[in-house]
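Biologist: I have not looked at this one before. Can you walk me through it?

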Number of protein chains: 2
Amino acid sequence: MNKIDNLKKYIVKKKLKLDCGKEISNFPLAYETFGELNEGKNNGILIFHALTGDQFPHGINPITNKEGWWNYALGPNKAIDTNKFFVISANVIGGCMGSFGPSSIDPSTNKPYGSNFPVITINDMVNAQNFLLDHFKIKKLFAVIGGSMGGMQVLQFVSNFPNKADVAIPIACTASHSAQNIALNELGRQAIMADKEWDKGKYLENGKSPSKGLAVARMAAHITYLSKKGLQEKFGRKLQERDALKFGFDADFQIESYLRYQGSVFVDRFDANSYLYITRAMDYFDLTKQFDGNLSDAFKGSKTKFFIISFTSDWLYPTSENREIVIALNAIGADVGFIEITSDKGHDSFLLDVPDFLNSVKNFLNNSYKNIHEARI
Amino acid sequence: MNKIDNLKKYIVKKKLKLDCGKEISNFPLAYETFGELNEGKNNGILIFHALTGDQFPHGINPITNKEGWWNYALGPNKAIDTNKFFVISANVIGGCMGSFGPSSIDPSTNKPYGSNFPVITINDMVNAQNFLLDHFKIKKLFAVIGGSMGGMQVLQFVSNFPNKADVAIPIACTASHSAQNIALNELGRQAIMADKEWDKGKYLENGKSPSKGLAVARMAAHITYLSKKGLQEKFGRKLQERDALKFGFDADFQIESYLRYQGSVFVDRFDANSYLYITRAMDYFDLTKQFDGNLSDAFKGSKTKFFIISFTSDWLYPTSENREIVIALNAIGADVGFIEITSDKGHDSFLLDVPDFLNSVKNFLNNSYKNIHEARI
């Protein structure tokens, strides 16, 4: 845990009233920045990560020693060009990469919060990250961008702060978590809580680890990130280092071996309680309901220009759900672009090398910046 | 277990060589029959159950005290009309409702087989059930019918015994288990094996029960049996007996409560090791590969008339996979009908009250029987 203690953090001194009713203050937000903030402070981009992401979208994550989760999209000359833009990336509250979360120490007990951590929402996450703008003395961001749960944060951010971003790119997301997605998250939570080592959330203080349950949760989620067609093309019925079926329960098929591997590496980098809290936040997300059933009202009065992106083979957040956001924005005459990218890579497309997607983001950002901030020159 | 010992069984005396290489004999097949075998013995129908089914499609299951799994489709005057047909329904080998399975006692140790049970295949299941025809002195069945894994058995049966059924109805199935479906089954198996109470498969002899892992496996599977649209329409974001979110990890949403219920009732009626063995059999199923990549060859020389049925919202065994069977049959000029039924009920459609489906089966069976066995009169 020492390594995580040493990560870059901004301590939010101000009070934040959470949706659950509790109030927090003096809490850490672990963050990273990429690129340079310009003199006019108008090239700032806040990116929001997805369920298992963190503040390291680019370069090598110093904790996991693995490549950042958005290396395809973010970096010098990439879609989100850090030669041009100043990118801020924070670990969400509830997370486990240094921000205030269930593995943080509760000063009143000197033990990790565990299950005593307050249930947080996407709204809470966004309100917490907004404090970073004060830290950098940025009055208005150029862009807010995120995929999956990151996209939900984009929507909530613009709704909460209608004049704090020139442009917004919600990718592969929804304004209201579906029954199927709640079900899939609940499956992951039940897998974790079924592990005796979870110990009612007290595994950290009791020296236990619900790694088997967490691995199962990850396997379940991982299947949903890929498309049926993508899985068939990549794995099909290929065998794992054997010529014939073994008539046993070892991994005969490559897809089994792949899933087991995904589960096993995940538990080294992620906290089981964070998984519970963050999936809960996703399930609670219903921006439409926040505005009494009228999603358009969430964006009323905002001048933010939207660019919404979905992927053909994403069955977790299908195009139809992304389109509902477009419809809500159209209904109030907002400035909104929309593209459905053809990809067999499923929901994971937003993290992968999908050139049409990456080019779309790049062109939208560069041209929007030119139009908004350079046209006058 | 006493109740299960008392179920109706046929003891197969003959030797059966399993695909894994082992040979079995003197093993029980628990079965039920519905309706009467006619004098010509030409009105027999063998139905095959799906992953968690059993020999009780109709009436009240004496072990679970619940309605049979195919009460919508099977019974007097129903789609599979037991006033007209003699229906045989057996628990598959590997199962836990009285047939030879991992919870059977190994005579060499006097303990349940557990993980020492041989890995079985769809081919083994079908070869075992074929012995029931000897028992009833039926030379040729009128029909073989089954959905999901039952459909796979239909395909394998006709392939193994090309002249033992007048007609065959494989429903919502595939000729070759897909990577996504292997992945989903592997997820269930990992959930069971992650439960310490599974005890390397020896839970029965050691007085343990991996019920939490099995419940998670069932929840995962249950999500896949329903369609996204069906879940949204039935549950959406409805709350469970509360007016507002509780900001905790109890079941806030009806879909969560429903899933937990599905998991909890399942463990009372199903054996965890049977779940492992039967999902393994499904994953191993690849009829195309059995015939060196040419599925048509599986049915060459058979005069069986096929009627293949898929459902629009079934994403587990989608229409495209059912259609591959049609294409293979067409390629050899076989007698094959095909219908895709419109339903929002997902893979589960074949078990539910879907009138278009039930009427199609009824008409096909009644008219085929008339044409084949009554036209001459």
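Biologist: Is F247(B) buried, exposed or partly exposed?
Modeller: F247(B) counts as partly exposed, because 18 C-beta neighbours lie inside 10 Å. A residue is buried with 20 or more other C-beta atoms within 10 Å of its own, exposed with 12 or fewer, and partly exposed in between, the C-beta atoms being placed from the backbone.

Biologist: Where is F247(B) in the chain?
Modeller: F247(B) is in the loop between helix 6 and helix 7 of chain B. Helices (H or I, at least four residues) and strands (E, at least two) are DSSP runs, numbered from the N terminus. The phi of F247(B) is near 55°, which is positive although the residue is not glycine.

Biologist: And what is the phi of N26(A)?
Modeller: N26(A), not a glycine either, has a positive phi of about 55°. N26(A) sits in the loop between strand 3 (23-24) and strand 4 (27-34) of chain A. N26(A) is exposed, with 11 other C-beta atoms within 10 Å.

Biologist: Before I go on, what sort of model is it, and how do I read the labels?
Modeller: It is a predicted model: local features need pLDDT of at least 70, side-chain atom pairs count only at pLDDT 80 or more, and totals for chains, interfaces and linings use all residues. Residues are numbered from 1 along each chain as its sequence is written, while chains are lettered from A and ligands numbered from 1 in the order in which they are written.

Biologist: OK. What is chain A made of?
Modeller: Chain A has 11 helices and 14 strands. Of its 377 residues, 54% are buried. The C-alpha atoms fill a box of roughly 70 × 50 × 40 Å along the principal axes.

Biologist: Now strand 8 of chain B. How many of its residues are buried?
Modeller: In strand 8 (residues 86-90) of chain B, 5 of the 5 residues are buried. F86(B), I88(B) and A90(B) point one way, and V87(B) and S89(B) the other way.

Biologist: Why the two directions?
Modeller: In a regular strand the side chains alternate between the two faces of the sheet.

Biologist: Which strands pair with strand 8 of chain B?
Modeller: Strand 4 (residues 27-34) of chain B runs antiparallel to strand 8, with 4 bridges. Strand 5 (residues 44-48) of chain B pairs with strand 8 in the parallel sense, over 4 bridges. Two strands pair if DSSP finds at least two bridges between them. I88(B) is the bridge partner of T33(B) and also of L46(B).

Biologist: How many residues does each chain put into the contact?
Modeller: The contact takes 41 residues from chain B and 41 residues from chain A. Two residues are in contact if their C-beta atoms, placed from the backbone, lie within 7 Å. Helix 4 of chain B gives the largest share of the side of chain B that touches chain A, 11 residues.

Biologist: How are the two copies related?
Modeller: Chain B can be laid on chain A with an RMSD of 0.0 Å by a turn of 180° and a shift of 0.0 Å along the axis. The copies are superposed by least squares on the C-alpha atoms of residues with pLDDT of at least 70 in both. The two are therefore related as by a two-fold rotation axis. The same surface serves both copies, as 100% of the contact residues of chain B recur in chain A.

Biologist: What does A220(B) touch?
Modeller: Leaving aside neighbours within four places in sequence, A220(B) is in contact with L187(A), A220(A), L184(B), L187(B), G188(B) and A191(B).
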